[in-house]
Amino acid sequence: SVGFVSNSTEIANTDSNGLTISSGSLIIPDSIIHNGDTDTKIRFSAADTVSVETGGAARAVINSTGLAVTGTVETTNHIQITHTSPSLYLTDSDANPDYVLRNAGGQFIIRDDTNGATRLAVNTDGHVDILGNLDVGAGIDVTGNITTTGSITASSGTITSQDITIQDQQPRLNFVDNAGSPNNPDYLFQVDGGQFVLHDST
């Protein structure tokens with residue numbers, strides 16, 4: 001073995017097992033390179049930056065802003081993000097919009113980051129806010145009540161319910177014949193000033 005001594009203190013030793021640093025620091029200008037596999041390395045490519053390269057390309061870069069990974073991240077356990085507003089950014093490199101999954105104030109949020117709009121929010125009491133239209137191709141089953149401040153339109157198919165309650169100053173139920181003339185008129189049931197009215201709305 002060969003020892004390296006400074007001020008009567010061994011700071012490093014090399015033998016058949018390799019190099020042992022026993023005191024101080026190992027200063028590397030740029031890279032630690034895998035023997036016989038020169039495009040696999042750990043690099044110190046810039047100030048405050050450490051990168052891991054395979055096949056000549058950086059797969060993971062750690063710098064003062066955090067960790068950037070190129071490729072697939074696999075785990076047999078779980079990934080935990082801890083923050084006051086933990087977020088997972090999904091950035092599409094060839095198309096918009098980009099999305100963010102976020103836990104904010106107890107809400108689970110899916111946000112359109114490109115257009116600055118929340119698309120879905122799951123609240124702490126369990127109710128879900130969908131900001132936009134919900135298109136359901138195979139039908140939707142609801143256990144409980146449906147509350148709306150707008151309109152419910154069934155252009156085809158069936159709405160089946162034990163009770164339908166319409167609350168408004170002039171609640172109405174519209175029957176619209178969308179086959180066009182000469183299949184008009186269209187009709188509506190309406191409560192108006194205490195009267196139950198069948199009205200030809202055409």
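Figure 1. F175 is partly exposed, at a relative accessible area of 45%; buried means under 20% relative accessible area, exposed over 50%, and partly exposed in between (1.4 Å probe, protein chains only). The model is predicted: local features need pLDDT of at least 70, side-chain atom pairs count only at pLDDT 80 or more, and totals for chains, interfaces and linings use all residues. Residues are numbered from 1 along each chain as its sequence is written, and side-chain values use heavy atoms, with hydrogens and water left out. The structure holds two aromatic pairs. In one of them, the ring centres of F175 and F189 are 5.6 Å apart and the planes stand at 85°, so this pair is edge-to-face. Rings of Phe, Tyr and Trp (its six-membered ring) pair if their centres lie within 6.5 Å; planes under 30 degrees apart count as stacked, over 60 as edge-to-face and the rest as tilted. The F175 and F189 pair links distant parts of the chain, 14 residues apart: F175 belongs to strand 14 (residues 172-175) and F189 to strand 15 (residues 187-192). Helices (H or I, at least four residues) and strands (E, at least two) are DSSP runs, numbered from the N terminus.

**Figure 2. F189 and F196.** F189 is partly exposed, with a relative accessible area of 29%. With F196, F189 forms an aromatic pair that is stacked, at 5.5 Å centre to centre and 15° between the planes. F196 is exposed, with a relative accessible area of 62%. Through ring pairs, F175, F189 and F196 are linked into a cluster.

**Figure 3. L101 in strand 10.** L101 is found in strand 10, which covers residues 99-104. At 26% relative accessibility, L101 counts as partly exposed. Leaving aside residues up to four places away in sequence, L101 touches P86, S87, L88, L90, F108, I109 and I110; contact means heavy atoms within 4.5 Å. The C-alpha atoms of L101 and L120 are separated by 9.8 Å, and the two residues are 19 residues apart along the chain.

**Figure 4. The peptide bond between N96 and P97.** N96 and P97 are joined by a cis peptide bond, with omega at about 0°. P97 lies in the loop between strand 9 (87-90) and strand 10. Most residues other than glycine have a negative phi, and most peptide bonds are trans.

**Figure 5. The backbone at D48.** D48 has a phi near 60°, a positive value in a residue other than glycine. The loop that holds D48 lies between strand 5 (37-46) and strand 6 (49-54). D48 counts as exposed, at 64% relative accessibility.

**Figure 6. I32 in strand 4.** I32 is found in strand 4, residues 31-34. At 42% relative accessibility, I32 counts as partly exposed. Not counting residues up to four places away in sequence, I32 touches T40, K41 and I42. V52 is 20 residues from I32 along the chain, and their C-alpha atoms are separated by 9.7 Å.

**Figure 7. A57 and the chain around it.** A57 has its place in strand 7 (residues 57-63) and counts as partly exposed, at 27% relative accessibility. Between the C-alpha atoms of A57 and T147, 90 residues apart along the chain, the separation is 54 Å. The protein chain as a whole has zero helices and 16 strands. Its C-alpha atoms fill a box of roughly 105 × 35 × 30 Å, taken along the principal axes. The protein chain has a radius of gyration of 33 Å, whereas a compact globule of 202 residues would have one near 17 Å; the radius is taken over C-alpha atoms, and the globule rule is 2.2 Å times the number of residues to the power 0.38. Of the contacts in the protein chain with a separation of 6 or more, residues 24 or more positions apart account for 0%. Buried residues make up 10% of the 202 residues.
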